[in-house]
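Visitor: I'd like to learn how to read a model like this one. Could you walk me through a few features?

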Amino acid sequence: MEDIVIRRLCKSYGGKMVLENFDARLTAGAVTCLMAPSGWGKTTLLRILMGLTEADSGTVTGLAGRRLSAVFQEDRLCPYLSPADNLRLTAPGLTAVGAREALGSMGLEQWADAPLSHLSGGMRRRVAILRALTAPYDVLLLDEPYRGLDGGTKALAIAETLRRREGRTVLAVTHDPEEAKALGAAETIVCGQRGQDSRDF
């Protein structure tokens with residue numbers, strides 16, 4: 001695996017700069033956390049990495065040929081599919097038994113075949129996290145993935161994230177230094193309105 005290197009990335013919308021000369025190196029096989037204020041461009045950065053948005057300028061290297069999986073700020077689940085079928089939608093090799101076992105790891109086994117509308121917001125969030133973790137991937141992108149989860153459920157979800165990532169590269173956007181600690185971030189990039197620096201918590 002090679003590092004993902006981001007150099008002088010810029011992106012603006014309607015004349016407003018949301019990313020300006022952003023530089024970062026995501027160490028292969030490690031967890032990197034990004035912390036920045038609202039409106040800084042964190043989601044835009046992830047969308048550029050996923051190929052959903054084109055940068056105005058700058059380069060990203062190290063992603064060619066690598067499979068990406070992501071947890072967005074919104075759950076983005078298919079509302080007409082059960083939790084188990086939502087997992088199997090992005091992981092074609094996952095059996096019904098495997099999907100049920102995965103859901104069991106997040107305390108959701110009894111809800112595997114339930115209508116999605118019967119699940120609470122926190123439960124749907126756990127399904128969204130599991131869907132990203134069970135899909136085949138080389139790089140995992142997380143956009144405030146644990147938002148809305150209570151303390152115990154968040155700890156369970158973080159533990160499952162670490163167990164299932166199996167040494168693959170992770171970029172996690174978070175506002176919470178404790179989440180960065182719990183994820184075992186090798187580096188935390190802290191960005192403000194006028195620049196960035198890196199530090200460990």
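Visitor: Which backbone oxygen does the side chain of Thr-161 reach?

Guide: Keep in mind that this is a predicted model. Here the side chain of Thr-161 reaches the backbone oxygen of Ala-157, at 2.8 Å. As for where we are, Thr-161 sits in helix H5, which spans residues 151-165.

Visitor: Is Thr-161 buried or exposed?

Guide: The idea is to check relative accessible area, where buried means under 20%. Thr-161 has 2%, so it counts as buried.

Visitor: Which residues does Thr-161 touch, leaving out those up to four places away in sequence?

Guide: Thr-161 touches Ile-129, Leu-133, Leu-140, Leu-142, Tyr-146 and Leu-183.

Visitor: Okay, on to the sheet. What is the order of its three strands?

Guide: In general, strands of a sheet pair through backbone hydrogen bonds, either parallel or antiparallel. In this open sheet the order is S2-S1-S4, and the pairing is antiparallel. S2 (16-26) and S4 (57-61) are the edge strands, each pairing on one side only. On average, neighbouring strands here are turned by 20° against each other, ignoring direction.

Visitor: How many bridges join S1 to S4?

Guide: Four bridges join them, with strand S1 covering residues 4-13 and the two running antiparallel.

Key: Residues are numbered from 1 along each chain as its sequence is written. This is a predicted model: local features need pLDDT of at least 70, side-chain atom pairs count only at pLDDT 80 or more; totals for chains, interfaces and linings use all residues. Side-chain values use heavy atoms; hydrogens and water are left out. Buried means under 20% relative accessible area, exposed over 50%, partly exposed in between (1.4 Å probe, protein chains only). A polar contact is a pair of N or O atoms within 3.5 Å; within protein, one must be able to donate a hydrogen and the other to accept it, and residues adjacent in sequence count only if both atoms are side-chain atoms. Contact means heavy atoms within 4.5 Å. Two strands pair if DSSP finds at least two bridges between them. Axes are lines fitted to C-alpha atoms, for helices over the stretch in contact, and angles run from 0 to 180 degrees between N-to-C directions.
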